[in-house]
Every structure is written in C-alpha cells, then in structure tokens.
Amino acid sequence: MSKHHSALIELTIARTKEFVRQGEAVFWVFAFPLLLALALGFAFREKAPDRIPVGVVSGSTSSSILSSLAKSPALIARGYDAKQGSEALRTGKISLLVEGGPPLVYRFDPTRPDSRVARLEADDALQQAAGRRNTLPVIEKKVTEKGSRYIDFLIPGLLGMNLMGTGMWGIGFSIVTARMNKLLKRLVATPMRKSDYMMAQMLSRLIFLVLEVATLVIFAWLTFGVGVNGSIFTLAVTCLVGATAFSGIGLLVAARPTSIEGVSGLMNLVMVPMWLLSGVFFSSERFPDWAQPLIRALPLTALNDALRAVMIEGRSISTIATELAVLSIWAIITFTIALKIFRWK
C-alpha cells in the first residue's frame, strides 16, 4: 500500500474515533432527528384538525350567531365586547371577529390561512342557519393513504436537513477545533498532503452515513408507516451524493475561521436560508416565482426534491439526474475552492 493511501486511511480512522468520542456530536447525528421526527409526526398525526377560535361581538344578535357557529365542527366561538374582540384579534387569540348586522361584518387578516378558513366556515354556518340550501349535492372523500400525508412529506425533509447539518457541523467544528488547539499546525510538519486531510474528513463522515440514514428511515417506517417506494439503491446513491455535497460545503466554510464563534456564524449564514427556503417543513413552491431559480439552485432543495421523488413517488436515478447533478456540482466546486484556500494556522 502506498504512503498516500496509508496516510489517508490512518487519518480517516483517527477522525472516525474522534467523532465517536464526541457524545454531543453523536446525539445531534442520531438522536436529534428521531426526536424531531417523533415530535412533528405526533403533532401532525392523522387526527381531526383543531377547531379555530373565533369571536363574536356582543349585541342584540350575538346569541343567535354564537348558537349557529357552535354547530360548526371547525370553529369554537366566544363572545367579546368590541374592545376585547379587537384586542383578541390583534394578538392572535382569535382568527376571526364577527359583528352582528345586518349586514354581518367579518374582521380578519387575509394573510393568515386559518383566518381565511374561519371566515369561510363561519359564513357557511351562518348562511345555513339563515335558511340557505345547498342545491348541488357533494361527497367528501378524505385522502389519508400513505404517501399523501404530511408525515410522508416531512420525513424526507428531515433526512435532508440532517445530512446537511451533520455534514457541515461535524466537519466544520472538527477542523476549527483542531486549528484552535494547534493540531493542524503540527500536521504541517508531516508528509501528509492537504488533500489527504480533507478527504479523510469527508470519508469519516460517509462512514456513518448508512447508520444515520437507516436509523431515521427505519424509525419513520416503524412509528408512522412511512415507506420507501423507490429502490433502496437509488435512495442510497441520493444520500451519498447529498452527504458529499454538504461535506464539501463544510470544508469550505471551515477553511479559514480560527474560532468556534467564527465558524458558527458562517454555518448559520449558509444553513438558515436553506432551512427556510428549501422545503424542509413546507413546499418551496410557496415562494414567489422570481425566487424559484435561486431556490432550485440550493443544494438542500435539490436533495429534498430527490429524496421525496424516491421515497414518495418511487422514481429512478435517471428521473432525478438534474437534482443529483446540482449536488455534484456543489461538491466539486466547494471541495476545489476549500483545497485552495485552506489554512493550517
């Protein structure tokens, strides 16, 4: 075995042992995603939606309005005087404030989805009570099969977020800590190449990839019945490419900082926008059209889209080639730049 390969293997083993000894790192890689999935999974489990609080301003017709709204399974109505009702609406204690008429007055914030729903439900209940008849028959069919639930959407997003977080935090903190403790300065005197050290950081990260992904996927399957409709091989390739991309970003972010505060700030600067924009907890399609090209170019967006395509839609590698290409480009560019600007001291 060549000296180059021997150095790379020894560095990878050393970094792996270092990670295992860090209890907080193991917690954030393995335990935290499970706790987050458990909390959010039960929060959005298959149950009837919570009733929306609405207020009714006291007056001559308020009792009949309250009686009519009480029949709605989606609303919970309370009486207020005018001042208290306005304050409750302003502070978010209620989503809609109804003032008796005629005509009826609905006060609500149209930018809040629950307020729009409350307005429609309240109007329907009051119109029904006033004698309106629905002349067009309708049938409601609730969609609850696996793959269409919120938890099915959520798990791939949590998996992508975890791959990003552990790839960046695990590598970034390790390098900066070694730089602060003068360990990197000592390594300069060895025949080890800069690329060996950086590749060892990435390889040690990938060693735990199988266990990390399998833990979350199996937990989601056993707890919430979230399955993988695509092939395990395609899922594995997607996770591997995604983890490599974020390992490269982690190397780039940690290439220069000399303090934990410095690298933490850079990590948050990189990750927070992706937490918000890349569709972890809700679809990125909610953002304006002009922002979509930028959002699509983010690595976490590509990873989340690819994971959902495999796990929910059962798609093959060829159909997620664009997302894998985006992740590969991020991996190559960030690793190349990190290699050039990396500082030992």
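So, helices and strands: the protein chain here has 14 helices and four strands. Keep in mind that we're looking at a predicted model. The chain has 345 residues, and 42% of them count as buried. Its accessible surface comes to about 18700 Å², with 64% of that belonging to carbon and sulfur atoms. And if you take the contacts with a separation of 6 or more, 72% are between residues 24 or more positions apart.

Okay, let's go to the sheet. In what order do the four strands sit? Reading across, you get S2-S1-S3-S4, in an open sheet with mixed pairing. S2, residues 75-80, and S4 are the edge strands, so called because each pairs on one side only. From one strand to the next, the twist averages 25°.

S4, residues 105-107, runs antiparallel to S3, and three bridges join them. How many residues does the hairpin use to get from S3 to S4? Five.

There's also a helix to look at here. H3, residues 62-69, lies across S1, S2 and S3, and it runs at about 165° to S1.

Next up, salt bridges. As a reminder, side chains of opposite charge can pair when their charged atoms come close. The structure holds five salt bridges, and I'll walk you through some of them.

Start with Arg 90 and Glu 87, whose side chains meet at 2.6 Å, N to O. Both are in helix H4, residues 82-90, and they're three residues apart, about one turn of the helix. Is Arg 90 buried or exposed? Its relative accessibility is 61%, so Arg 90 counts as exposed. Glu 87 has 38%, so that one is only partly exposed.

Then there's Arg 119 with Asp 123, where the closest N and O atoms are 3.8 Å apart. That still makes the list because the cut-off is within 4 Å. These two are in helix H5, residues 113-129, and because they're four residues apart, about one helical turn separates them. Arg 119 is partly exposed at 27%. Asp 123 has a relative accessible area of 19%, so it's buried, given that buried means under 20%.

One more: Arg 315 and Glu 313 meet in a salt bridge at 3.3 Å, N to O. Arg 315 is partly exposed, at 29%, whereas Glu 313 is exposed, at 52%.

Last stop, the surface. Ile 218, Trp 221 and Leu 222 form a nonpolar patch there, with about 360 Å² of accessible area together. Trp 221 sits in helix H9, residues 209-224, and at 52% relative accessibility it counts as exposed.

Leu 35 is in helix H2, residues 23-43, and it's partly exposed at 48%. Leu 35 and Leu 216 are 181 residues apart along the chain, yet their C-alpha atoms are separated by 10.0 Å.

Terms used. Residues numbered from 1 in each chain as written. Predicted model: local features only at pLDDT ≥ 70, side-chain atom pairs only at ≥ 80, totals over all residues. Heavy atoms only, no water. Pairing = 2+ DSSP bridges. Buried < 20%, exposed > 50% of the residue type's maximum accessible area, 1.4 Å probe, protein only. Contact = heavy atoms within 4.5 Å. Areas by Shrake-Rupley, 256 points an atom, 1.4 Å probe, with all protein chains shown as cover. Axes fitted to C-alpha atoms, helices over the stretch in contact; angles between N-to-C directions. Patch = residues over 30% accessible without salt bridge, like charges linked within 9 Å, V, L, I, M, F, W, Y side chains within 5 Å.
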